[in-house]
Amino acid sequence: MRVDFYQLSRDPAEAVLPLIARNTLKAGERLLVVSAREDQLGFISRELWGRAADSFLAHGFSGGDHDARQPILLSDAMAPGNGAKYVAIADGVWRDADPGFERTFYIFDDETLQPARECWVMLGKRGGIDRRFWKQQGGKWVEGP
């Protein structure tokens, strides 16, 4: 499994998620977006509707009749009702679950920096996990230490 750590310094998770979602769909994958904050999921939904004028990203909230059909599913649990192999943790709270995800986008900010560091160390002790770190720099995402 690959875990990409995304440290937010300029944009909130709500602004970053549409970019991750678009790239996930381009790769032919489905995405589960997880946050315990209902308000954050609402903000993410609005951003997916139209971050850019021509970029509507079809999605839905978990618990509906059509979860399995959603290319992007917003949820408060690590349960990929849409069959997603990719998951984005938007609220900075790591969740240990293994429903077969191939890739995790772990998004954190200054408030969740210390738990993210602890997660980095914890995952480094496990086998089979490819960890990568990304940070915002001058309007771009750069991989780094």
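Tyrosine 6 is buried, with a relative accessible area of 10% (buried is under 20%, exposed over 50% and partly exposed in between, using a 1.4 Å probe and protein chains only). The model is predicted, so local features need pLDDT of at least 70 and side-chain atom pairs pLDDT 80 or more, while totals for chains, interfaces and linings use all residues. Residues are numbered from 1 along each chain as its sequence is written, and side-chain values use heavy atoms, leaving out hydrogens and water.

Now for the rings. The whole structure turns up 10 aromatic pairs (Phe, Tyr and Trp rings, the six-membered one for Trp, with centres within 6.5 Å; planes under 30 degrees apart are stacked, over 60 edge-to-face, the rest tilted). Tyrosine 6 and tryptophan 134 count as stacked because their ring centres are 6.2 Å apart and their planes at 15°. This pair links strand S1 (residues 2–7) with strand S7 (residues 130–137), and its two residues are 128 residues apart (strands are DSSP runs of E, at least two residues, numbered from the N terminus). Tryptophan 134 is buried too, at 17% relative accessible area.

Tyrosine 6 also pairs edge-to-face with tryptophan 141, at 4.9 Å centre to centre and 75° between the planes. Tryptophan 141 sits in strand S8 (residues 140–143), so this pair ties together parts 135 residues apart in sequence. Tryptophan 141 is partly exposed, at 25%.

Elsewhere, Phe5, Trp94, Tyr106, Phe108 and Trp120 make up one aromatic cluster. Arginine 131 lies over the face of tryptophan 120, 4.2 Å from the ring centre (the rule: NZ of Lys or CZ of Arg within 6 Å of the ring centre and within 35 degrees of the ring normal).

Definitions and conventions. Helix = DSSP H or I, 4+ residues; strand = E, 2+ residues; numbered from the N terminus.
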